[in-house]
Amino acid sequence: MAAQPGGVSVIDKTSGKIDDHISSSSSGSDDDRPSKVDAVKSHVYRLFGRDKPVHTVLGGGKPADVFLWRNKRNSAAVLGGATALWILFELLEYQLITLVCHILIVLLAIVFLWSYANTFINKTPPQIPDVRLPEDCLLEVVSSLRIEINHVVSILRDIAFGRDLKKFLSAFIGLWVLSIVGNWCNFLTLLYISFVLLHTVPVLYEKYEDQVDPIAEKALIELKKQYAVFDAKVLSKIPMGPLQEKKKH
């Protein structure tokens, strides 16, 4: 076949164009793959509709590190301390005032003996540090507690006014279940069980979230179906009175 000026044949030009087209299409498909994978990942159902890691949902920082066992020694120490307190107060029936008094007695005895021995041996009194609670830390704790209490009161106020029937039923059932559980055990045991659950459930969920989330999604879909049936047969027939008139206006 005749060559064109410059020594490049028609076949060479055609094959070059085909190679450029194939390489561009392959590179384009490679560029599209991560976006498709990201799109699929973004549509994966996560429990409670979260879109952040479990560590961030728990508030981050040191409390989340403790609950998720980032530092096993610290987490074990916190859980062990809570277990020891529960055994003292619940199983051994130790009273809080008695425990505080005994701890203060031991501390006073240790400091007194240390001070007396140091004065007798070194002829100088020991340097005991002046321990004081920082004001900023206490104010921050009180402020955070006030914000949370106000938030809970606001939620209960909205529920009590009947603005959301679903929230009202959820709160009603939740309080009813909590009252039954509270009848089985006292407040300290319930608090300890909640503390143990905080140290076990989040870390297990973080480890097996890819297996738990699909099951939770199916359960949530089934729960929504049952609620729709209950709404159609029962809730829709309940006369709301003034609330429905306000919504119409």
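Is E93 buried or exposed? The points below take up this residue and other features of the model.

1. Basis of the note. This is a predicted model, in which local features need pLDDT of at least 70, side-chain atom pairs count only at pLDDT 80 or more, and totals for chains, interfaces and linings use all residues. Residues are numbered from 1 along each chain as its sequence is written, and side-chain values use heavy atoms, with hydrogens and water left out.

2. E93. The residue is exposed, with a relative accessible area of 62%; the classes are buried under 20%, exposed over 50% and partly exposed in between, with a 1.4 Å probe and protein chains only. E93 sits in the loop between α4 and α5 (96-122). Although E93 is not a glycine, its phi is positive, at about 55°. Most residues other than glycine have a negative phi.

3. W69. A positive phi, near 55°, also occurs at W69, a residue other than glycine. W69 belongs to the loop between α3 (61-67) and α4 (72-91) and is partly exposed, its relative accessible area being 26%.

4. Overall composition. The protein chain has 10 helices and 0 strands, where helices (H or I, at least four residues) and strands (E, at least two) are DSSP runs numbered from the N terminus. Of the 249 residues in the protein chain, 11% are buried. Among contacts (heavy atoms within 4.5 Å) with a separation of 6 or more, 53% join residues 24 or more positions apart.

5. Helices α8 and α9. The axes of α8 (residues 187-207) and α9 (residues 209-233) come within 5 Å and cross at roughly 95°. Axes are lines fitted to C-alpha atoms, for helices over the stretch in contact, and angles run from 0 to 180 degrees between N-to-C directions. The two helices are therefore roughly perpendicular to each other, a class that covers 65 to 115 degrees. Y205, E206 and K207 of α8 meet E209, V212 and D213 of α9.

6. Largest pocket. About 350 Å³ of space lies in the largest pocket. A pocket is an open set of points on a 1 Å grid over the protein atoms alone where a 1.4 Å probe fits, with protein on both sides within 12 Å along at least five of seven lines; lining residues have an atom within 4 Å of a point. The lining includes K166, I173, L220 and F230. α7 (165-184) and α9 each supply at least two lining residues, and the largest share, 6 residues, comes from α9.

Technical notes: Parallel < 35°, antiparallel > 145°, perpendicular 65-115°, else oblique. Points joined across faces, edges and corners; volume = space filled by probe spheres on them.
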